[in-house]
Amino acid sequence: MSVGDFQGRLLPRERILWTGAPARGLLFSSRDALMIPFSLVWCGFAIFWTYSAARQGAPLFFDIWGAMFVCIGLFLVFGRFALDAWLRRRISYAVTNRRILIQRDAPFSKFTSIDIERLPDVQMEGERSGRGNLRFGSAASSSGYPSYGYARMSGLPALDPVPQFLGIEGPQRVLDLVMKASQDARSGHRSASDA
């Protein structure tokens, strides 16, 4: 991760204080305590049902229908981890003196910028082995439903709509840096408006 990745995105008099990237490889979280058993049961049942239908000479439609559910089960058991790891390799993070920046490259390109003066709720999750997550915003969307529902159900944290730093090193240090930058920006804005 280099500072150059964000140079074209910086505003006048904005400077980068920190850059980082999500953890590479497999990334387990608390949601996997439910998702893994569910996916194993789903996949096991789909394989059993498809095998039983094939052995009993069911029409081809039942084989195709069962194969579809087996594929979904295999994705839930294995594929979601591989896809999430692949997506996280295309994400980079930065904290500047004015904003939180998150860049996600193709195929799901997205650039997120959060004004540090109007910082939403920040939650820190985990710090096992020096890594953790910072979420910028509440878990509830404006519709009242959890905005991270799709990401939780799909098992793809990299596609969670709530902006976050996933699996970063030293999350407490980064959180402290964000909070200090937020306080500095607010006090600088107050002193400029008082003048």
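Student: How do you know that Phe 81 counts as buried in this predicted model?

Tutor: Set the value against the cut-off: its relative accessible area is 12%, and buried means under 20%, so Phe 81 is buried. This residue lies in helix H2.

Student: Which residues is Phe 81 in contact with, leaving aside its neighbours within four places in sequence?

Tutor: They are Leu 26, Phe 28, Asp 32 and Ile 36. As for Leu 156, its C-alpha lies 7.6 Å from that of Phe 81, though 75 residues separate the two in sequence.

Student: Nice. Why are helices H1 and H2 called roughly antiparallel?

Tutor: H1 (residues 32–55) and H2 (residues 60–88) pack at about 155 degrees. Angles over 145 count as roughly antiparallel, so H1 is roughly antiparallel to H2. Their axes are 8 Å apart, and H1 passes H2 in a left-handed crossing.

Student: What makes up the contact of H1 with H2, by class?

Tutor: There are 21 nonpolar, four polar and three charged residues in it.

Student: Let's turn to the core. How many residues does the largest nonpolar core have?

Tutor: It has 25, and among those with the most contacts inside it are Tyr 93, Phe 136 and Val 178. Strands E2, E3, E6 and E7 and helix H4 each give two or more residues to this core. H4 gives the most, with five.

Student: And what is Phe 136 in contact with, beyond its neighbours within four places in sequence?

Tutor: Its contacts include Ile 100, Leu 119, Val 162, Phe 165 and Val 178.

Definitions and conventions: Residues are numbered from 1 along each chain as its sequence is written. This is a predicted model: local features need pLDDT of at least 70, side-chain atom pairs count only at pLDDT 80 or more; totals for chains, interfaces and linings use all residues. Side-chain values use heavy atoms; hydrogens and water are left out. A nonpolar core is a set of buried Ala, Val, Leu, Ile, Met, Phe, Trp, Tyr and Cys residues joined through side-chain atoms within 4.5 Å. Buried means under 20% relative accessible area, exposed over 50%, partly exposed in between (1.4 Å probe, protein chains only). Helices (H or I, at least four residues) and strands (E, at least two) are DSSP runs, numbered from the N terminus. Contact means heavy atoms within 4.5 Å. Axes are lines fitted to C-alpha atoms, for helices over the stretch in contact, and angles run from 0 to 180 degrees between N-to-C directions. Angles under 35 degrees count as roughly parallel, over 145 as roughly antiparallel, 65 to 115 as roughly perpendicular and the rest as oblique. A crossing is left-handed if the near helix is turned anticlockwise from the far one by less than a right angle, and right-handed if clockwise. Ala, Val, Leu, Ile, Met, Phe, Trp, Tyr, Cys and Pro count as nonpolar, Asp, Glu, Lys and Arg as charged, and the others, Gly among them, as polar.
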